[in-house]
Amino acid sequence: MSERLESQRLEVVVVGSVNADLVVGVERRPSAGETVLGSDLVTYPGGKGANQAVAAARLGGRVGILGRIGDDGHGELLRGSLAGAGVDLAHLTVTPGPTGVALITVDPDGDNSIIVSPGANARLLPPDVERARAMLAGASVVSFQLEIPIETVEAAARTAADAGARVVLNLSPPAPLPAGLAELCDPLVVNEHEAAFLLGHRGEPAVLAKELLGRGPRSVLVTLGADGALVADASGVTAIASPRVEAVDTTGAGDAFTAALCLRLARGDALADAALYAARVGAAAVRRPGAQSSFPGADEELPV
């Protein structure tokens with residue numbers, strides 16, 4: 001287990017899921033009732049929370065995680081991956097039962113479909129937040145996703161915001177937000193589908209970004225895949241370009257993006273500058289298979 005030095009303030013704390021990714025390559029994803037043959041099954045360490053923690057740590061960040069794993073082989077795999085990246089594991093708790101699992105199919109274009117079985121992630125509850133209060137309060141940025149119970153997200157976000165940490169929420173998978181949670185987000189990170197879910201309609205990304213900003217977040221970031229992202233705040237909407245690369249596997253690319261964003265925000269970058277760096281990290285991640293296995297290191301040359 002990695003141990004945090006009390007003299008060092010954590011730059012990023014991730015509150016989120018820790019999953020084993022079970023990945024199969026397919027020529028095409030099956031329709032309802034259809035069976036298709038796939039490649040050999042490969043198991044990778046994953047989960048949106050663990051992915052973000054590992055990605056930020058590999059980029060040189062001082063990172064901690066609040067999460068739960070099961071007492072099974074998948075849990076051992078995930079603990080090893082997090083520890084190997086240098087993530088603080090003081091609040092990674094072992095729960096009797098299975099670790100969370102994501103079942104992932106990847107087509108030849110690198111696009112994926114994912115089904116998540118939460119496992120131990122469903123047992124990450126507000127009492128865990130209370131036990132991790134000091135870690136949350138000491139972070140510069142606290143990052144969240146929605147693969148854990150929403151009441152846990154809300155409790156941890158309020159704890160972090162009350163202590164002066166910057167709250168970054170990636171609305172994935174999409175779900176309704178409790179009253180007042182959006183107002184803590186700086187930024188709220190969504191893709192086009194998640195934006196449409198929150199607003200109840202589709203539209204031009206720039207219009208969606210402005211409308212979401214009007215719902216209360218301090219800032220909004222709409223990711224657009226290979227087309228980059230849009231940043232919306234009080235100064236307006238800014239387009240962020242993404243480098244053009246050949247995609248092998250998009251699994252984890254959004255997590256790499258958010259991790260890089262959080263790390264640069266923790267280090268004082270303006271939101272647009274942090275997003276530009278994050279787009280380069282996200283583009284680097286799609287060039288290799290898997291989630292955590294695809295994340296670039298601090299010394300790796302990023303695409304431009």
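**View 1. Nine strands line up in an open sheet.** Here 9 strands form an open sheet with mixed pairing, in the order β5-β4-β1-β8-β9-β10-β11-β12-β13. At the edges you'll find β5 (88-95) and β13 (236-240); each has a single partner strand, so one side of each is left without a neighbour in the sheet. Going from one strand to the next, the twist averages 20°. Keep in mind that this is a predicted model.

**View 2. Strands β11 and β12 pair up.** Strands in a sheet pair through backbone hydrogen bonds, and they can do it parallel or antiparallel. For β11 (residues 220-223) and β12 (residues 229-233), the pairing is antiparallel and covers 4 bridges.

View 3. The strands under discussion here are β10 (185-191), β11, β12 and β13, and α7 lies across them. Relative to β12, α7 runs at about 35°.

**View 4. Helix α6 packs with helix α7.** A packed pair of helices is described by the angle between the axes and the distance between them. For α6 (residues 192-199) and α7 (residues 205-213), the angle is about 50° and the axes are 10 Å apart. That makes α6 oblique to α7. Their crossing is left-handed.

**View 5. Side by side, residues of α6 and α7 meet.** From α6 come Glu192, Ala195, Leu198 and Leu199, and they meet Pro205, Leu208, Glu211 and Leu212 of α7. Sorted by type, the residues of this contact are 6 nonpolar and 2 charged, with no polar ones.

Note on methods. Residues are numbered from 1 along each chain as its sequence is written. This is a predicted model: local features need pLDDT of at least 70, side-chain atom pairs count only at pLDDT 80 or more; totals for chains, interfaces and linings use all residues. Side-chain values use heavy atoms; hydrogens and water are left out. Axes are lines fitted to C-alpha atoms, for helices over the stretch in contact, and angles run from 0 to 180 degrees between N-to-C directions. Helices (H or I, at least four residues) and strands (E, at least two) are DSSP runs, numbered from the N terminus. Angles under 35 degrees count as roughly parallel, over 145 as roughly antiparallel, 65 to 115 as roughly perpendicular and the rest as oblique. A crossing is left-handed if the near helix is turned anticlockwise from the far one by less than a right angle, and right-handed if clockwise. Contact means heavy atoms within 4.5 Å. Ala, Val, Leu, Ile, Met, Phe, Trp, Tyr, Cys and Pro count as nonpolar, Asp, Glu, Lys and Arg as charged, and the others, Gly among them, as polar. Two strands pair if DSSP finds at least two bridges between them.
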